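Please look over the sequence and the model together before reading on. The paragraphs below go from confidence to overall build, and then to individual places in the chain.

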Amino acid sequence: MAGPARVRRRLPGTRKNPRGVTLERHELTASVVPTAPELARAIRLPHATAMVVGTIIGASIFVQPSEITGQVPSIPLIFLVWLVCGLLTLFGALATAELASAFPRTGGVYAFLKETYSPILGFLWGWAMFWSMHSGIIAAVGVVFARYLAYFLPLGDAGIRGAAIAAILALSGINYLGVKQGSTLQAAFTAGKLAAIAVIVVLAFVLGSALPAHFVTGDAAAAAAGSAVAAGVPGGAGAGAFLNAVVAGLFAFGGWHMVTYCAGETVDARRTIPRALLLGTLIVTICYLALNAAYLYVLPLEAVASSTRVAAEAAEALVGRPGGAAISGLVVFSTFGALSGIILAGPRVYYSMAQDGLIFRWLGETHPRFRTPHRAILLQAAWASVLVATGTYRALFTRVVYTEWIFFALMTAGIFLLRRRSGYSPATRMWGHPFTALLFVAASSVIVLNQLVSDPRESAAGLLLVLVGAPVYAWWTRVRR
């Protein structure tokens, strides 16, 4: 006896089973085939812009101005350094915006390097990210958060490490539950951060005018610069000092590229990410210029150059001891917000690498309910916590952080290659190309060369750590074949 006839008809639409796994109906038969859930697209322009701003503005702007003022003890040069840093960051953001609009997929810089050159370059970026660059940043920012928290709570060394790990795990847990929760938290912290910066700037110019010597200009600026140098503050106005100041300033602008990691979870990523990069970079540059103006309005130039906590000292000069406590609270708030954005971004790179088969496939799985790269989030949290607990993040981070500029130079130079390829059609093109691209590549190269010359042993160790990924990649691809 013949079996029942097979139904050969199209059954349109999809449905979900109770566990949230999408079930697709196929044309030839009525059979149902489960597919893995995709990442949820919940990041819109306000969230993406908040991620750019919130990730960049951490703790550096509250301490780094002293490093720059010590190198170039001159008010016009100080503002020129910050303006140059803002422009270079903007050029990098413009290059990233074009690439993000051409390759609107999860992974950001990893995807750009892989598509432009070769999978091995993308792998090396992800390798350096996980073992040192990104995980090291998470650990370092977590420790800064805990140290400023110790201003209010009696925390010893073990307590500081414990608080840093607790912050990392808590924010990883929020991002585990959904990208919307993580990006909304980031937006809230960024809004609070910008409001606090605005208050600092307004109070500085309103209350600072009553201080006996709140601003240094003309001949007084030169005298203050001379006294700063005489007091042992490193400084000068030469090309080398200016370059060192720019490198220090760019450190405060770090993290601008991380929003591209989440392209797969961004609504209309081809347009949203370029706009977020442009808006975010401009907002940060304005904030940094305004804060430096406030510091220099309230404190003498030599005090800014020699300070180790310039924002707190400026606040104390305005309102006394409560001002220092307020700034410490702001740094706690700011670093916690920056940590949230950094934790959100990283796992998307490891997820994309796993999807491409460059690392273990299980890292590329999406949570069936929360639609997040849950295993990549957990792995990143675990390794960053290990770096905090052991203190090894210091050596790893300081050795390797400069190498990201090698990848940035390659990423931007790749635009010249991509524009010669057929089928390359970005929705946004880099403004000022090729001049802006060439300037950014040149600046990135100078930063790398400066680091190699100033600290050859540590630089070589960091570069070696990155290059170790090459034989690992060769072994992995051989095993997969």
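The confidence of a predictor in each residue is expressed as pLDDT, on a scale from 0 to 100, and contact here means heavy atoms within 4.5 Å. With those terms in hand, the region to treat with caution in this predicted model includes residues 215–236, over which pLDDT stays under 50 and for which the model has 29 contacts beyond four places in sequence. Taken over the chain, the average pLDDT is 84, and 87% of the residues score at least 70.

The overall build comes next. The chain contains 19 helices and three strands, and of its 481 residues 52% are buried. Its accessible surface comes to about 20,500 Å², and carbon and sulfur atoms account for 66% of that area. Among contacts between residues at least 6 apart in sequence, 79% join residues that are at least 24 apart.

Which residues have the most contacts inside the largest nonpolar core? They are Trp125, Tyr261 and Tyr288, in a core that has 137 residues. Helix H5 (residues 119–149) gives the most to this core, contributing 18 residues. In soluble globular proteins, nonpolar side chains tend to be buried together. Trp125 is in contact, leaving aside neighbours within four places in sequence, with Val109, Tyr110, Leu113, Met133, His257, Tyr261, Glu404, Phe407 and Phe408, a list that also includes Tyr261, another of the residues with the most contacts inside the core.

Thr89 is placed in helix H3 (residues 75–102) and counts as buried because its relative accessible area is 2%; beyond its neighbours up to four places away, Thr89 touches Leu250, Phe253, Trp256 and Thr281. Gly58 sits in the loop between helix H1 (45–56) and helix H2 (64–71), and its 10% relative accessibility makes Gly58 buried as well. The C-alpha atoms of Gly58 and Ala338 are separated by 5.4 Å, although the two residues are 280 residues apart along the chain, and Gly58 touches Ser334, Thr335 and Ala338 when residues up to four places away are not counted.

Val319 counts as partly exposed, since its relative accessibility is 44%.

Charged pairs are the next topic. Side chains of opposite charge can pair when their charged atoms come close. The count comes to nine salt bridges, and one of them joins Asp356 to Arg105, with the closest N and O atoms 3.0 Å apart. Because Asp356 lies in the loop between H13 and H14 and Arg105 in the loop between H3 and helix H4 (109–116), this pair ties together parts that are 251 residues apart in sequence. Asp356 is partly exposed at 25% relative accessibility, and Arg105 is partly exposed at 24%. Lys114 forms a salt bridge with Glu115, where the closest N and O atoms are 3.8 Å apart, and a network of salt bridges links Arg105, Lys114, Glu115 and Asp356. Elsewhere, Asp157 and Arg161 form a salt bridge with a closest N and O separation of 3.6 Å; both lie in helix H6 (residues 157–176), four residues apart, about one turn of the helix. Asp157 is exposed, with a relative accessible area of 53%, whereas Arg161 is partly exposed at 25%.

Most residues other than glycine have a negative phi, and most peptide bonds are trans. Asp268, which is not a glycine, has a positive phi of about 50° and is found in the loop between helix H9 (239–252) and helix H10 (269–298). Arg371, also not a glycine, has a positive phi of about 55°, and its place is in the loop between helix H13 (321–355) and helix H14 (374–390). A cis peptide bond with omega of about 10° joins His433 and Pro434, and Pro434 is found in the loop between helix H16 (404–418) and helix H17 (435–454).

Terms used:
Residues are numbered from 1 along each chain as its sequence is written. This is a predicted model: local features need pLDDT of at least 70, side-chain atom pairs count only at pLDDT 80 or more; totals for chains, interfaces and linings use all residues. Side-chain values use heavy atoms; hydrogens and water are left out. Buried means under 20% relative accessible area, exposed over 50%, partly exposed in between (1.4 Å probe, protein chains only). Helices (H or I, at least four residues) and strands (E, at least two) are DSSP runs, numbered from the N terminus. A nonpolar core is a set of buried Ala, Val, Leu, Ile, Met, Phe, Trp, Tyr and Cys residues joined through side-chain atoms within 4.5 Å. Accessible areas come from the Shrake-Rupley method with a 1.4 Å probe; for residues, only the protein chains shown count as cover. A salt bridge is a side-chain nitrogen of Lys or Arg within 4 Å of a carboxyl oxygen of Asp or Glu.
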